[in-house]
Structure formats: C-alpha cells, structure tokens
Amino acid sequence: MRGFAAMLMPLLLAVPAVARIADGDDGVVVETELSSGMASYYSRELEGNRTANGEICDPDDLTAAHRTLPFGSKVRVTNLANGESVIVRINDRGPFGRGRVIDISHAAAKEIGMHRSGSARVKLTLLDD
C-alpha cells in the first residue's frame, strides 16, 4: 500500500488547481491554473498581419499567442512582480522565443505593466465560463 501511495503522490501534485469563482451574472466561472513562466509581447510591427486563426493582428486587442491552448480560450495573465492581471483571448500560435510561455498583445502588456520591460514573469490561469 505504501508503494502505491508513493507512486500516486507525484501524479496528484501534477494536477492543476481548480477554483470556482462567482462572476455575478450567471453564477460560476471555473479557473484552472496552467503554469507560470516568462511572457513577452509582440510588437506593433505585426499589426495587419494574419494570426494563426486567420484574424488580422491588432495590438490594441487583448489577445495572445500560446503553443497549445485552443483558439478562443480565455486566459488570465498575472504579472508576478506587481500582481496586475489581464484577461486575453488566444488567437495565435507561439511564443517562439526560448523560455517563453505566452506572447501577449501590446495592449495587454500595458494593462499588466510590462510594456516598458518587454517581458515579465507571469502566472497563467485558464478561464472556463
């Protein structure tokens, strides 16, 4: 029995935390913690280009690029340095920079105070509403 518990413990620790938070409108929003790591933002030079889902890139929209999340997913990105957060919609693939977990739009970067530094350590939370 002890061997089984020792084998099961790492699996339990790998399961993401899930919380239910009332949103005031229709009841409950489920938030699932995804990961943390470095985020960067894509520059205004990409404005007008097509994103991976076919939309026109608009740096003023609250959007982001993630390697695996489905297009349309809503993600809360929290800057761990200052606690500021923003909700973005996944509409592109990336980031392609080594060590990055997400690329966010310029508008989203301004919301969480990372537009001057260009990158920040963030926590990602998937919203399911």
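The model is predicted; local features require pLDDT of at least 70, side-chain atom pairs count only at pLDDT 80 or more, and totals for chains, interfaces and linings use all residues. Residues are numbered from 1 along each chain as its sequence is written, and side-chain values use heavy atoms, with hydrogens and water left out.

The protein has two helices and seven strands. These are DSSP runs, numbered from the N terminus: helices are H or I with at least four residues, strands are E with at least two. From the N terminus, the order is α-β-β-β-β-β-β-α-β. Of the 129 residues, 33% are buried. Buried denotes under 20% relative accessible area, exposed over 50%, and partly exposed the range in between (1.4 Å probe, protein chains only). The protein exposes about 7900 Å², as given by the Shrake-Rupley method with a 1.4 Å probe. Carbon and sulfur atoms supply 53% of that area. Among contacts (heavy atoms within 4.5 Å) with a separation of 6 or more, 66% join residues 24 or more positions apart.

The largest nonpolar core has 18 residues. Such a core is a set of buried Ala, Val, Leu, Ile, Met, Phe, Trp, Tyr and Cys residues joined through side-chain atoms within 4.5 Å. Val77, Ile102, Ile104 and Val122 have the most contacts inside this core. Strand 4 (74-79), strand 5, strand 6, helix 2 (106-111) and strand 7 (119-128) each supply at least two of its residues. In soluble globular proteins, nonpolar side chains tend to be buried together.

Phe96 lies in the loop between strand 5 (85-92) and strand 6 (100-104). Phe96 is exposed, with a relative accessible area of 75%. Its C-alpha is 9.6 Å from that of Ala65, 31 residues away in sequence.

The charged end of Arg93 sits over the ring of Phe71, 4.2 Å from the ring centre. This term requires NZ of Lys or CZ of Arg within 6 Å of the ring centre and within 35 degrees of the ring normal.
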